[in-house]
Amino acid sequence: MRKNKKIPAPCFYLLISGLILLLTLLDQASKLWAAKRLRGREDISVIQGVFRLSYLENRGAAFGILQNQLWIFLLFSVLLLGTVVYLFIRMPHTGNYLPLHLAAAVLAAGGIGNTLDRLFRGYVVDFLYFSLIDFPVFNVADIYVVLSILSICLLVFFYYPDENFEFLFLKKKRRS
């Protein structure tokens with residue numbers, strides 16, 4: 001795809017919505033599997049001493065902070081998703097911005113996946129555990145969030161020049 005070729009809006013929104021839906025469904029399916037197969041059972045060692053599947057009901061955020069503060073997570077989710085929607089609307093629908101659109105879609109899917117858990121379960125299902133480094137137990141949506149934020153940072157700092165972000169401003173800057 002040429003970098004400046006405009007993607008028709010219906011195709012663009014269908015692509016992005018489909019990606020978000022697919023990733024959210026994958027996250028939710030993995031959590032349903034974990035709840036059915038891992039809850040109340042011994043951990044499953046995938047790589048001895050390195051990685052295992054370990055069911056956990058997380059009522060907080062990363063590293064167990066903000067336990068039982070559902071309203072904070074819901075507020076943050078609404079702000080995150082609102083920001084992503086704003087970016088989808090404002091960002092040009094050209095091939096040049098496709099990597100940024102895709103990263104934002106993955107971020108949205110991660111936010112939606114964990115928000116659905118909080119809304120319908122009251123907690124987030126975590127089940128992936130790197131025992132080698134004793135990293136906190138996490139899930140597929142967490143992977144989406146971390147990788148998308150990393151991708152967005154790399155794109156913003158190293159791929160796109162500053163003038164590529166003029167779309168963020170409501171008023172166009174006048175050039176002298």
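Colleague: Why is aspartate 117 called buried?

Modeller: Its relative accessible area is 0%. Buried means under 20%, exposed over 50% and partly exposed in between, using a 1.4 Å probe and protein chains only, so aspartate 117 counts as buried.

Colleague: What should I know about the model itself?

Modeller: It's a predicted model, where local features need pLDDT of at least 70 and side-chain atom pairs count only at pLDDT 80 or more, while totals for chains, interfaces and linings use all residues. Residues are numbered from 1 along each chain as its sequence is written, and side-chain values use heavy atoms, leaving out hydrogens and water.

Colleague: What makes aspartate 117 and lysine 31 a salt bridge?

Modeller: You need a side-chain nitrogen of Lys or Arg within 4 Å of a carboxyl oxygen of Asp or Glu. Here the closest N and O atoms are 3.0 Å apart, so the pair qualifies. Aspartate 117 sits in helix H3 (residues 98-120) and lysine 31 in helix H1, 86 residues apart. Helices are DSSP runs of H or I with at least four residues, strands are runs of E with at least two, and both are numbered from the N terminus. Lysine 31 is buried too, at 0% relative accessibility.

Colleague: Which salt bridge does aspartate 117 form with an arginine?

Modeller: The one with arginine 121, at 2.5 Å from N to O. Arginine 121 is partly exposed, at 25% relative accessible area. Shared partners join Asp27, Lys31, Asp117 and Arg121 into one network.

Colleague: How do you know that arginine 39 and glutamate 57 make a salt bridge?

Modeller: Their N to O distance is 3.8 Å, and the limit is 4 Å, so they pass. Arginine 39 lies in the loop between H1 and S1 and glutamate 57 in strand S2, so the pair ties together parts 18 residues apart in sequence.

Colleague: Why do S1 and S2 count as paired?

Modeller: Pairing needs at least two bridges found by DSSP. S1 and strand S2 (residues 51-58) have 3, in the antiparallel sense, so they pair. In the bridges, isoleucine 47 partners phenylalanine 51 of S2, and serine 45 stands opposite arginine 52.
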